[in-house]
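Please read the following report alongside the sequence and the model.

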There are 4 protein chains.
Amino acid sequence: MDIGLVGLGKMGGNMRTRMRNGGITVVGYDRNPDISDVGSLSELVEQLPSPKVVWVMVPAGDITRSTVEELIELLGEGDVIVDGGNSRWTDDEKHAALAAEKGIGYVDCGVSGGVWGLDNGYALMAGGTADDIAKVQPAFDALKPEGESGFVHAGRVGAGHFSKMVHNGIEYAMMQAYAEGYELLEKVDMVDNVTAVFDSWREGTVVRSWLLDLLVIALEDDPGLSKVRGYAEDSGEGRWTVEAAIDNAVPMHTIAASLFARFTSRQDESPAMQAVAAMRQQFGGHAVRAAEEKGIDAAAADPSDPV
Amino acid sequence: MDIGLVGLGKMGGNMRTRMRNGGITVVGYDRNPDISDVGSLSELVEQLPSPKVVWVMVPAGDITRSTVEELIELLGEGDVIVDGGNSRWTDDEKHAALAAEKGIGYVDCGVSGGVWGLDNGYALMAGGTADDIAKVQPAFDALKPEGESGFVHAGRVGAGHFSKMVHNGIEYAMMQAYAEGYELLEKVDMVDNVTAVFDSWREGTVVRSWLLDLLVIALEDDPGLSKVRGYAEDSGEGRWTVEAAIDNAVPMHTIAASLFARFTSRQDESPAMQAVAAMRQQFGGHAVRAAEEKGIDAAAADPSDPV
Amino acid sequence: MDIGLVGLGKMGGNMRTRMRNGGITVVGYDRNPDISDVGSLSELVEQLPSPKVVWVMVPAGDITRSTVEELIELLGEGDVIVDGGNSRWTDDEKHAALAAEKGIGYVDCGVSGGVWGLDNGYALMAGGTADDIAKVQPAFDALKPEGESGFVHAGRVGAGHFSKMVHNGIEYAMMQAYAEGYELLEKVDMVDNVTAVFDSWREGTVVRSWLLDLLVIALEDDPGLSKVRGYAEDSGEGRWTVEAAIDNAVPMHTIAASLFARFTSRQDESPAMQAVAAMRQQFGGHAVRAAEEKGIDAAAADPSDPV
Amino acid sequence: MDIGLVGLGKMGGNMRTRMRNGGITVVGYDRNPDISDVGSLSELVEQLPSPKVVWVMVPAGDITRSTVEELIELLGEGDVIVDGGNSRWTDDEKHAALAAEKGIGYVDCGVSGGVWGLDNGYALMAGGTADDIAKVQPAFDALKPEGESGFVHAGRVGAGHFSKMVHNGIEYAMMQAYAEGYELLEKVDMVDNVTAVFDSWREGTVVRSWLLDLLVIALEDDPGLSKVRGYAEDSGEGRWTVEAAIDNAVPMHTIAASLFARFTSRQDESPAMQAVAAMRQQFGGHAVRAAEEKGIDAAAADPSDPV
């Protein structure tokens, strides 16, 4: 199979390698001529036999949109565009509709795997028609891990990114679960070596997972995590997951709480807790006065302090 | 009615005044001789006619326990001890059992009102037998607000503090509700004057309350709350409320979340979020490398960054 | 002042009465001729002196949009449309832009008060330019409660509905706070009369509020709430509040949890908890076998059952 | 090594087998004579060489306590009792102190693994002195999985059960994370085959784990989970985890929310949501009246309905 691949950065570059190792002929394009196989998108398209398949692996949002629009200009009836970036599933429907006006197929594909993907394979969640998926299947087979799992044709256009979005939402709450347990183990003086406890959980327990493996690596590098600030970004997918839950009346206590915990982690000051403190101060104005008193309860909090 | 009052601090001192204004003869004792009416607990007890009623208004925990034990020594059959402090309701049963061995009655009373109590009256939630409550009733009547509400005989010993505990748990979540709304109004650039919006809510709205009144006072004193740190203590009662919920399988999402928000507000660093960041760094090690790349996605996040 | 009022249902009808009582000349239009003052929107517009002010009080969404569009056709330079319904603040900007093309002013106004509004006044949160607000001010003055609070010019177009939206979000969490406390008091056998405890809180406590008053009325009508199902709808405003929080990285634990609790209350079956049960069953397959065993632990849970 | 094993139920029976397979001489006792190796605890103790090691594998609480007390009677200086059940870590300290009065060592051991433990090994988290642990080490080595993980000497007495408790708390939130994602995928009509999506995640993704494997098995057995009720018990350990968090001011949003979700899953009716509905009904009383009206908004919700 021949495939065009647009975007040869960290992810795209490794995916080109893995596809080539899997016997796929890849024509890669990148704005950086040092790593690009061709000088332009049109050159990339020219080199592909029909039906042409072009995989877009660029940042979600404007760059994906403009790349897709440019490809729609260049491609024709029966060709297929694959969006492998982190697009919102609602964008997929718009892009697919644009492509369909020229008879071009559209496949959205959520990709998981990071730097491990090159060696271990990428987990792939794809959305589109069976015909369009079939045209990309050899590439999926080359990219996915070797076992039976790791690829799913999730449904119509959008279903791939939707599945990947939910995957990331779950991931947020799983990370938060380990994190809360970690804090409790760190804070209570019961366990001699928190890293050793986490490490022991990697076999035979109910909580064993790849995320646990990663956390143990981090703890072994930096016991007590003194080199890491408790500051966590969030990507669009966590937010979209909660928004989709709200739109569909799905209770989502833990994923939402995980998202909010990341918001909090990035605040130097919490306006909400300033408001709580301010309300308490309205009671506590008297607390200041209490400090001057010397009654039986002078050294302690007011016994009936309402907060 | 005559009553002994132990503890003349911020709360006890004002309660003595309000009871005297209500026609009660109060003998007050405090370790501080400048404000005490008598020199010792035994002197206090001597001055009371039988059946003697002694109201304890000292900090919860050890000081309340030792005061109660001392009073049990000094009092006898038919007398009544009132614990008006912030004791845990489970302590009440123990204290009442001790007192009962000598035929002494026991009443627990949650008191709300703070510095406003002197003028506006104190809300009172009492637990004990009807007979014991009746012996204290004139004091309750003097202390409570003038309207029809503000006093309840909630049930047997412990029911008063249990009710007060739940009151405080509710209070936590109400404060957090206003606080979250405040933060959203502050953060989004839609409203010209957040204080004015809160002030407008004081009449005609569903969210009007005394806590709202207090928040508006605070905002008018300090628009933007720049003088207040987002740091909030918690008292035992919030914690006990959630623990009682857990013991009784009661879902308590908002009150627990409010308590946790206070915990977070007091942390300089969050071990949990350090763990989240450390897990992300295991993905993000490659993010650092990405910065050196110049592909089509060089300036942006990896399109398939799994977090 | 003269004003046109479109929509004379439960809210609009009472607002017409209150405005008329306040000296405003109101021309009301409703699809129902029995309660309408005029036969059509155009007739309504004709009867108003310039600058014409028309208050729209119809359901949010399509009906509001079509009404606004129709009014834009009928009105002209210097006139003002007021949207008093529960529109999303993001709609206001679109409607205002449409109106501005013809030089028509636009004011959005969040209205709180329900059936109490007729007698007690309506709390009003308005957005728009100072000029447009000024044209409507006599109507605001007639509608609002008599005290100093109850009206705010919150900011530009959208700020009124934005403020009302946040108001409703806060309301959700306040209601949930009382509800969680109620459940704990009901479930634990400590308090003889839960209604009496809530009633006592109406004076002197930190949690006193109008919502508490309403809850006490409900509890007095139906102690134990046996006539009420634990089923709660939610309106758009609670959802929009959490979505706005997510868009702006505002942690919103209690309001989101309150919203999710309403979602849960409407489910006959929880797919999430089915999944939890299914995972436990994978452990519990052996639990079935355990029932046939007669070891020392036969009658009890497996001592090391991992869940 | 020789070891006594008390409790040969589902867990204990398999552990006897695995220890014997590992070359340990096991004397097992159970109340059920059909599966017991000896007729009494004293006979078990007699058969062991000194220092005698006895592993208790019976239900936590009263049965563990009485078994430990009986063993303390029978054992002596230098012997070791191991509590492998699901005891609360605070019980361990009490039991260890009792044992220490006779010079008997005490080790607490959290055990994870369920029915898979026989073949795959049991994850073990142990607390106690290094000397006592050393006396049990051959048994730990036989029981644990074959890899490098799966056993940890977590710290002093109590640290084993404390670690296991936190493990279970983490497990709750992980299960809830998958469950919330499952519900969203089920509820939104985007994905053709939810089971296939979960199955695909088992390789190459960030959320791959043993719990995910179990969930996929369950989904393959029963797509849509129609045979499972959304009803989930909780064990003591989830509750203790949140209580320990509260005692130590550790924010624990997701684990607490997971616990509360289980509480909710077991309720036929939610008193809290009855209270919310009752408060809404106080607004909604007028909604009933609205149904009789025929205004422009007659068929829709009141435009300014405050909830």
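## Basis

This is a predicted model, in which local features need pLDDT of at least 70, side-chain atom pairs count only at pLDDT 80 or more, and totals for chains, interfaces and linings use all residues. Residues are numbered from 1 along each chain as its sequence is written, chains are lettered from A and ligands numbered from 1 in the order in which they are written, and side-chain values use heavy atoms, with hydrogens and water left out.

## Chains B and A

Chain B is superposed on chain A by a rotation of 180 degrees with 0.1 Å of shift along its axis, at an RMSD of 0.1 Å (least squares on the C-alpha atoms of residues with pLDDT of at least 70 in both copies). The two copies are thus related as by a two-fold rotation axis. Of the interface residues of chain B, 100% are also interface residues in chain A, so the copies meet through the same surface.

In this interface, 86 residues of chain B are in contact with 86 residues of chain A (contact means heavy atoms within 4.5 Å). The buried area is about 7,200 Å², with 63% from carbon and sulfur atoms; buried area is the accessible area (1.4 Å probe) that two parts lose on being put together, summed over both. There are 11 residue pairs in polar contact, both residues being at pLDDT 80 or more. On the side of chain B that touches chain A, α12(B) gives the largest share, 17 residues (helices are DSSP runs of H or I of at least four residues, strands runs of E of at least two, numbered from the N terminus).

## Chains C and B

Here 73 residues of chain C are in contact with 73 residues of chain B, and about 5,900 Å² is buried, 67% of it from carbon and sulfur atoms. The count of residue pairs in polar contact is 26, both at pLDDT 80 or more. The side of chain C that touches chain B draws its largest share, 19 residues, from α7(C).

## Salt bridges

Over all chains the structure holds 41 salt bridges (a side-chain nitrogen of Lys or Arg within 4 Å of a carboxyl oxygen of Asp or Glu). Between chain C and chain B the count is 0, and across the interface of chain B and chain A it is also 0.

Glu243(A) pairs with Arg88(A), with the closest N and O atoms 3.1 Å apart. Glu243(A) is in helix α10 and Arg88(A) in the loop between β4 and α4 of chain A, 155 residues apart. Glu243(A) counts as buried at 9% relative accessibility, and Arg88(A) as partly exposed at 21% (buried is under 20% relative accessible area, exposed over 50%, partly exposed in between, with a 1.4 Å probe and protein chains only). Lys164(A) and Glu237(A) form a salt bridge at 3.9 Å; Lys164(A) is buried at 0% and Glu237(A) at 3%. A network of salt bridges links Glu233(A), Asp234(A), Arg239(A) and Arg266(A).

## Asn32 of chain C

Asn32(C) lies in the loop between β2 and α2 of chain C and counts as buried at 11% relative accessibility. A polar atom of the Asn32(C) side chain lies 3.0 Å from the backbone nitrogen of Asp34(C). A polar contact is a pair of N or O atoms within 3.5 Å; within protein, one must be able to donate a hydrogen and the other to accept it, and residues adjacent in sequence count only if both atoms are side-chain atoms.
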